[in-house]
Amino acid sequence: MYILFTYLLELGVAIASLFSKKVRKMWRGERHSFEILREKVDPNARYIWFHAASLGEFEQGRPLMERVRQNYPEYKILLTFYSPSGYEVRKDYKGADIICYMPIDTPTNAIRFLRLVRPVMAFFIKYEFWYNFLHILHHRNIPTYSICSIFRPDQIFFKWYGRQYGRVLKCFTHFFVQNEESKRLLAGIGLNNVDIVGDTRFDRVLQIKEAAKQLPIVEAFVHSGDPMRSKVFIAGSSWQPDEDIFIPFFNNHKDWKMIIAPHVISENHLAQIESKLQGKSVRYTQTSKEQAAEADCLIIDCFGLLSSIYRYGDVSYVGGGFGVGIHNTLEAGVWDIPVIFGPNNKKFQEAQGLLRDKGGFEITNASDFNQIMTGFIQDQKAILRAGSQAGNYVKKLTGATDIIMNSIQL
């Protein structure tokens with residue numbers, strides 16, 4: 001049944017590629033991957049393979065990938081992606097020797113792929129369970145690890161009708177899971193080759209913090225030449241429903257400055273944000289330090305800066321919680337600032353942890369947001385307390401990369 005599904009999926013992707021630019025990139029990329037491998041694979045080299053579905057999983061696997069490269073330079077690294085949102089952003093990543101798309105999981109593709117690469121070890125990040133690839137890796141006795149995986153009772157592996165597909169989990173040499181529930185669920189189906197290590201993203205955000213960029217325009221905006229500067233609110237990866245909540249509040253609190261880094265950077269969205277602002281706003285790529293210093297709101301109209309920008313904030317907001325799910329709360333929390341986010345956060349362990357440790361704050365509407373921000377304005381020591389708790393939460397959960405590295409054998 002699964003094999004039939006994968007062939008139908010392959011057909012569906014081909015048809016969808018006629019109508020979607022994103023799907024077309026993926027469809028072409030999957031076919032091009034065999035050409036890339038034939039061209040670039042060194043038959044005399046030994047490859048360690050990392051597979052990440054998209055950009056988020058890549059960031060989880062990155063600390064481990066870079067540690068492997070550092071400790072075992074005699075091996076080469078193959079990195080594969082399923083989604084264009086991962087591949088297109090990281091196709092030039094210098095930490096891997098070969099980067100390509102992962103072909104659809106048919107038996108033929110799996111056999112061709114593994115004959116070309118012949119990896120000595122494989123790492124699948126988080127939710128990646130490719131039935132045919134994993135079975136062939138297992139058949140060839142190639143050590144294969146599931147990294148930062150999370151399991152929930154509603155997944156197919158733990159349903160009576162999913163037992164056949166659930167056999168794919170037996171193909172893993174070891175699981176490095178994020179929590180106790182995952183270990184318990186796997187034990188319930190007879191899998192005990194499991195260690196709880198947490199999430200390597202905590203290690204990653206600490207790396208990002210240590211390598212943060214100095215941003216003169218942001219510094220000019222924040223400090224404005226005034227040692228008694230305003231407080232700064234930073235909204236990261238925001239969507240329209242998020243902006244409809246926090247912009248009206250700060251239109252009425254001009255003593256705070258605001259930085260908005262929207263998730264979608266399109267002219268329509270940027271213009272929409274500007275139309276809602278009552279104070280003076282400037283766009284990052286179109287302003288000078290002098291102009292930024294005079295503005296009330298700085299709009300980040302480019303990618304790659306957000307993780308460094310959080311350092312300049314007093315309170316942060318992470319978007320997505322009123323739609324697709326919240327984005328990266330750890331990038332903000334690591335800077336010792338409170339993190340506010342919307343209600344779609346229940347499946348995000350880091351958000352739940354920030355809430356428990358009182359470094360994170362959930363809102364369901366504008367009234368919730370206004371109440372939290374008013375409390376911070378009236379008691380500014382509360383900002384420092386919550387920020388410290390957010391930072392401590394992130395720091396105490398680092399170390400997953402060390403545990404994994406100490407467990408694998410090369």
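**Loops, contacts and domains in a predicted model**

Q: In which loop is the place of Q178?
A: Helices (DSSP runs of H or I, at least four residues) and strands (runs of E, at least two) are numbered from the N terminus. Q178 is in the loop between β6 (174-177) and α8 (180-188).

Q: On what basis are the residues and values of this model given?
A: Residues are numbered from 1 along each chain as its sequence is written, and side-chain values use heavy atoms, leaving out hydrogens and water. The model is predicted: totals for chains, interfaces and linings use all residues, side-chain atom pairs count only at pLDDT 80 or more, and local features need pLDDT of at least 70.

Q: Is Q178 buried or exposed?
A: Relative accessible area under 20% means buried, over 50% exposed, and in between partly exposed (1.4 Å probe, protein chains only). The relative accessible area of Q178 is 8%, so this residue is buried.

Q: Which side chain makes a polar contact with the side chain of Q178?
A: A polar contact is a pair of N or O atoms within 3.5 Å; within protein, one must be able to donate a hydrogen and the other to accept it, and residues adjacent in sequence count only if both atoms are side-chain atoms. A polar atom of the Q178 side chain lies 2.8 Å from the backbone oxygen of C148. At 3.2 Å, the side-chain partner is Q349.

Q: Is K126 buried or exposed?
A: Contact means heavy atoms within 4.5 Å; leaving aside neighbours within four places in sequence, the contacts of Q178 include K126. K126 lies in the loop between β4 (121-125) and α6 (131-139). Its relative accessible area is 14%, so K126 is buried.

Q: What is the phi of K126?
A: Most residues other than glycine have a negative phi. K358, in the loop between α16 (349-356) and β14 (360-362), has a positive phi of about 65° although it is not a glycine. K358 counts as exposed because its relative accessibility is 55%. For K126, phi is also positive, near 65°.

Q: In which loop is W160 found?
A: At 66% relative accessibility, W160 counts as exposed. W160 is found in the loop between β5 (144-149) and α7 (163-166).

Q: What distance separates the centres of domain 1 and domain 2?
A: Domain bounds come from an automatic or database domain assignment, which gives domain 1 (1-198) and domain 2 (213-396). Taken over C-alpha atoms, their centres are separated by 34 Å.
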